[in-house]
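Please look over the sequence and the model shown here before reading the report, and keep both at hand while you follow the text.

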Amino acid sequence: MSISRRTALKTLTAALGGLGLGSVPKQWPTSSPVRQEAGLQQAVVRWPFDNVDLDVFAAAAAEMGLVGIDYLAPEDWPVIEEYGLICTLSQPPDADGDWNRVSDHEALVPAYRERIREVSEAGYTNLMVFSGNREGISDEEGLENCVQGLKQVMRDAEKHDVTLTIELLNSKVDHEGYMFDHMDWGVELVDRVGS
């Protein structure tokens with residue numbers, strides 16, 4: 001399904017307004033004075049707008065004065081760069097598995113090393129990580145497994161100046177069973193990884 005730039009802009013405007021981000025002008029400027037004059041560094045995540053063509057989406061984001069789009073894969077980066085945008089948070093690689101399972105590290109470690117390199121070579125600095133679902137694993141075991149796995153890629157991330165960002169998700173609403181569903185767990189993970 002393809003929609004027009006105007007429809008994408010209206011959809012984004014409605015979404016931002018629905019998040020309580022204040023009033024939104026009826027017409028966005030063609031340049032980005034919001035970014036330049038106010039010093040704001042705002043981005044939008046891609047996945048809620050997957051039904052919008054990326055070119056249309058990027059044009060609307062640029063017109064709004066956003067600096068970038070989160071959760072994109074390397075093949076998407078050239079598209080948004082045409083509009084002066086950056087990938088503010090890269091999508092994880094297409095490797096099966098979860099960091100909270102040691103058996104999955106064999107696939108995840110090389111895939112993340114490669115994605116870290118790609119992120120760095122593109123001049124970006126942020127890469128998404130997910131803990132995985134509990135599925136019978138205790139929070140402590142999952143935490144220790146994540147630490148063990150992430151420590152294997154941290155040297156690569158540090159060398160390439162890439163920040164791994166683990167996502168906190170709400171398991172009570174729409175991510176049932178997700179392990180990193182409270183901040184104490186995530187803070188402990190960062191402390192134990194030590195990077």
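This report looks at salt bridges and then at the nonpolar core.

## About the model

The structure is a predicted model, and the descriptions of side-chain pairs below should be read with that in mind.

## Salt bridges between separate parts of the chain

In this model the count comes to 10 salt bridges. One of them joins Glu135 and Arg101, whose closest N and O atoms are 3.3 Å apart. Because Glu135 belongs to the loop between β4 (126–129) and α6 (139–159), while Arg101 belongs to the loop between β3 (86–90) and α5 (105–121), this pair ties together parts that are 34 residues apart in sequence. The two partners can also be described by their accessibility: Glu135 is exposed, with a relative accessible area of 61%, whereas Arg101 is buried, with a relative accessible area of 16%.

Another salt bridge is formed by the side chains of Glu144 and Arg192, at 2.8 Å from N to O. Since Glu144 sits in helix α6 and Arg192 in helix α7 (residues 183–193), the pair ties together parts that are 48 residues apart in sequence. Glu144 counts as partly exposed at 38% relative accessibility, and Arg192 counts as partly exposed at 24%. This pair also belongs to a network of salt bridges that links Glu140, Glu144, Glu188 and Arg192.

## A salt bridge within one helix

The side chains of Arg117 and Glu114 meet in a salt bridge with an N to O distance of 2.2 Å. Both residues lie in helix α5, three residues apart, so about one helical turn separates them. Arg117 is partly exposed, with 28% relative accessibility, and Glu114 is partly exposed as well, with 35%.

In soluble globular proteins, nonpolar side chains tend to be buried together. In this model the largest nonpolar core has 46 residues, and those with the most contacts inside it are Ile69, Trp99, Leu164 and Leu189. Several helices and strands contribute to this core, for at least two of its residues are supplied by each of α3 (54–64), β2 (68–72), α4 (77–81), α5, β4, α6, β5 (163–166) and α7.

Which residues does Leu189 contact, leaving aside its neighbours within four places in sequence? Leu189 is in contact with Leu143, Cys146, Val147, Leu150 and Ile166 once those neighbours are set aside.

Technical notes. Residues numbered from 1 in each chain as written. Predicted model: local features only at pLDDT ≥ 70, side-chain atom pairs only at ≥ 80, totals over all residues. Heavy atoms only, no water. Salt bridge = Lys/Arg side-chain N within 4 Å of Asp/Glu carboxyl O. Helix = DSSP H or I, 4+ residues; strand = E, 2+ residues; numbered from the N terminus. Buried < 20%, exposed > 50% of the residue type's maximum accessible area, 1.4 Å probe, protein only. Core = buried A, V, L, I, M, F, W, Y, C linked by side-chain atoms within 4.5 Å. Contact = heavy atoms within 4.5 Å.
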